[in-house]
Amino acid sequence: MSTISGLKEGLVGGFFATVVMTIFREPTARSLPPTAELIAQYTGGDPEEYHVSSLTLHGLYGIVGGALFSLLFGEHINETSEPETVGLVAGAVYGTVSSLFGERVVLRHVLGMDLETDESAIFHTGHLIYGLALGAWIGSRHE
């Protein structure tokens, strides 16, 4: 798979994985994604005012994250004899690392947020689901 086609698959996979994560997150979380807090911090107002824009920004992050995943791991995944399995494992690691970075750096240091235990569990589970969906997508697109 060329870098360009891998990048395209990563963008589409990032969109797919974000939709899957959002389908999990929306009915289980009791708040908007943290992107609402980020938008409110920089534009003013209440985070609840930014439902559509926060979901849009969240989606853009997921799409870019998919492209990055594909660039970092796509070739390795496609070179194996079991690309779906390797994609799932790589995706699980990627989702976990992105979740830890999100909670410890973005939420804590950029937004000054400290998640309660239940919120943290949903946050990390959502990112794990994202990573699994993304890894499965990229793995299933091997040549």
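Modeller: Welcome! Helices here are DSSP runs of H or I with at least four residues, strands are runs of E with at least two, and they are numbered from the N terminus. This is a predicted model: local features need pLDDT of at least 70 and side-chain atom pairs count only at pLDDT 80 or more, while totals for chains, interfaces and linings use all residues. Residues are numbered from 1 along each chain as its sequence is written, and side-chain values use heavy atoms, with hydrogens and water left out.

Colleague: What makes something a pocket here?

Modeller: On a 1 Å grid over the protein atoms alone, a pocket is an open set of points with protein on both sides within 12 Å along at least five of seven lines, whereas in a cavity a 1.4 Å probe fits but cannot get out. The largest pocket has a volume of about 690 Å³. It has 25 lining residues (those with an atom within 4 Å of a point), and Tyr 61, Ser 98, Gly 102, Val 106 and His 127 are the closest to its centre.

Colleague: Which helix gives the largest share of that lining?

Modeller: Helix H4 does, with 7 residues. H1 (3-28), H2 (35-43), H3 (51-79), H4 (83-110) and H5 (117-140) each supply at least two.

Colleague: And how much space lies in the second largest pocket?

Modeller: About 420 Å³. Among its 20 lining residues, Arg 25, Ser 31, Leu 32, Leu 115 and Glu 119 are the closest to its centre.

Colleague: Why is Phe 69 called buried?

Modeller: Buried means under 20% relative accessible area, exposed means over 50%, and partly exposed is in between (1.4 Å probe, protein chains only). Phe 69 has a relative accessible area of 0%, so it is buried. This residue is in helix H3, and its contacts (heavy atoms within 4.5 Å) include Ala 90, Tyr 94 and Leu 134.

Colleague: What makes a set of residues a nonpolar core?

Modeller: The members are buried Ala, Val, Leu, Ile, Met, Phe, Trp, Tyr and Cys residues joined through side-chain atoms within 4.5 Å. The largest such core has 11 residues, including Phe 69, Tyr 94 and Trp 137. H1, H3, H4 and H5 each give two or more residues to this core, and H5 gives the most, with 5 residues. As a general background, nonpolar side chains in soluble globular proteins tend to be buried together.

Colleague: How do you know which kind of aromatic pair Phe 16 and Trp 137 form?

Modeller: Rings of Phe, Tyr and Trp (its six-membered ring) pair if their centres lie within 6.5 Å; planes under 30 degrees apart are stacked, over 60 edge-to-face, and the rest tilted. By this rule there are 4 aromatic pairs. Phe 16 and Trp 137 are 5.0 Å centre to centre with 35° between the planes, a tilted pair. Phe 16 is in helix H1 and Trp 137 in helix H5, so the pair ties together parts 121 residues apart in sequence.

Colleague: Are these two buried or partly exposed?

Modeller: Phe 16 is partly exposed, at 34% relative accessible area, while Trp 137 counts as buried at 17%.

Colleague: Why is the pair of Phe 73 and Tyr 94 given its name?

Modeller: Their ring centres are 6.2 Å apart and their planes are at 80°, so the pair is edge-to-face. Phe 73 lies in helix H3 and Tyr 94 in helix H4, so parts 21 residues apart in sequence are tied together. Phe 73 is partly exposed at 28%, and Tyr 94 is buried at 13%. Together with Phe 69, these two form one aromatic cluster.

Notes: Grid points are joined across faces, edges and corners, and a volume is the space filled by probe spheres set on the points. Lists of a residue's contacts leave out its neighbours within four places in sequence.
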